[in-house]
Amino acid sequence: MKKPMNGAESFDRLQAVMHYACEAAKDPSVLGRVKLNKVPWFADCISYMATGKTITGERYIKRQFGPVPAKFVPALAQLERDGKIQRGRADYFNLVKDEFVSLRRPDVSMFEPEEMNFIRLAFEHVCMKNTATSISEETHTAIWRLAEIGDEIPVATVFAAELDEITEADVAWANAKLAA
């Protein structure tokens with residue numbers, strides 16, 4: 001059984017998923033800030049549903065547009081400082097939209113083939129099949145609605161996200177699974 005990730009490993013894996021998304025988005029217009037937040041979430045959820053483990057080991061926090069990696073801002077800043085990605089700005093229906101371009105190939109050697117498949121599936125779903133609005137709405141599950149802005153949303157709650165009613169017992173179960 002794979003041992004739990006430490007903070008540095010989790011941070012590196014989050015950055016690698018984000019960098020991969022920037023590289024995979026050959027057209028920068030398909031990957032703005034909202035979608036860049038969603039690729040790790042969906043990759044971790046897909047992996048968790050299939051294997052019981054996340055890819056990044058990251059914690060997710062409730063924000064206005066859905067769950068966001070807790071270390072998203074520092075990971076993005078580090079990718080920019082390291083010269084791995086570049087952020088540009090584009091006019092998008094009279095709003096300013098961040099767009100991201102990879103400046104070099106991401107190092108994804110830390111991922112198993114199955115994990116890379118989950119990351120590719122997440123990228124395809126988030127970036128190629130959705131708009132920023134539709135993918136945000138998709139993450140506004142019952143669990144997200146129950147949480148307060150800034151609360152942690154454990155990936156394990158993905159199993160309860162489709163239920164009509166979430167009980168305190170469901171939340172306790174999800175928290176126990178996450179702690180295990």
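This is a predicted model: local features need pLDDT of at least 70, side-chain atom pairs count only at pLDDT 80 or more; totals for chains, interfaces and linings use all residues.
Residues are numbered from 1 along each chain as its sequence is written, and side-chain values use heavy atoms, with hydrogens and water left out.

Helices and strands were taken as DSSP runs (helices: H or I, at least four residues; strands: E, at least two), numbered from the N terminus. The expected span of a helix is 1.5 Å times one less than its number of residues. For the 18 residues of α1 this gives 26 Å, which agrees with the 26 Å between its end C-alpha atoms. The 19 residues of α2 should span 27 Å, and the end C-alpha atoms of α2 are 28 Å apart, which agrees. After α2 comes Gly-52, with a positive phi near 85 degrees.

Burial was assigned from relative accessible area (buried under 20%, exposed over 50%, partly exposed in between; 1.4 Å probe, protein chains only). On this scale α1 is mostly covered, with 13 of its 18 residues buried. A nonpolar core is a set of buried Ala, Val, Leu, Ile, Met, Phe, Trp, Tyr and Cys residues joined through side-chain atoms within 4.5 Å. The largest such core has 45 residues, and Met-18, Leu-31, Leu-36, Val-39 and Ile-119 have the most contacts inside it. Two or more residues of this core come from each of α1, α2, α3 (72–81), α4 and α6 (142–146). The largest share is that of α1, which gives eight residues.

Contacts (heavy atoms within 4.5 Å) were then listed for single residues. When residues up to four places away in sequence are not counted, Met-18 touches Leu-36, Pro-40, Phe-72, Ala-75, Leu-76 and Leu-79. Asn-37 lies in helix α2 and counts as buried at 8% relative accessibility. Apart from neighbours within four places in sequence, Asn-37 is in contact with Pro-67, Val-68, Pro-69 and Phe-72.

Aromatic rings were also examined. Rings of Phe, Tyr and Trp (its six-membered ring) were paired if their centres lie within 6.5 Å, with planes under 30 degrees apart counted as stacked, over 60 as edge-to-face and the rest as tilted. Two aromatic pairs were found in the whole structure. Tyr-20 and Phe-123 form an edge-to-face pair, at 6.5 Å centre to centre and 85 degrees between the planes. Tyr-20 belongs to helix α1 (residues 7–24) and Phe-123 to helix α4 (residues 113–128), so this pair ties together parts that are 103 residues apart in sequence. Tyr-20 is buried at 15% relative accessibility, and Phe-123 is buried with a relative accessible area of 6%. Trp-41 and Tyr-60 form an edge-to-face pair with 5.0 Å between centres and 75 degrees between the planes. This pair links Trp-41 in helix α2 (residues 33–51) with Tyr-60 in strand β1 (residues 60–63), 19 residues apart. Both Trp-41 and Tyr-60 are buried.

A charge was taken to sit over a ring if NZ of Lys or CZ of Arg is within 6 Å of the ring centre and within 35 degrees of the ring normal. Lys-62 lies over the face of Trp-144, 4.1 Å from the ring centre.

A disulfide was defined as a pair of cysteine sulfur atoms within 2.5 Å, and the count by this rule is zero. The sulfur of Cys-45 has its closest cysteine sulfur in Cys-127, at 15 Å, which is too far for a bond. Cys-45 is buried, with a relative accessible area of 5%. Cys-127 is likewise in no disulfide, and the nearest cysteine sulfur, that of Cys-22, is 9.0 Å away. Cys-127 is buried, at a relative accessible area of 4%.

The loop between α6 and α7 (168–179) holds Pro-154, which is buried with a relative accessible area of 8%. Leaving out neighbours within four places in sequence, Pro-154 is in contact with Trp-41, Asn-175 and Leu-178. Pro-154 and Asn-175 are 21 residues apart in sequence, and their C-alpha atoms are 7.0 Å apart. Glu-148 is also found in the loop between α6 and α7, but Glu-148 is exposed, with a relative accessible area of 54%. Glu-148 and Lys-62 are separated by 86 residues in sequence and by 6.8 Å in space, C-alpha to C-alpha.
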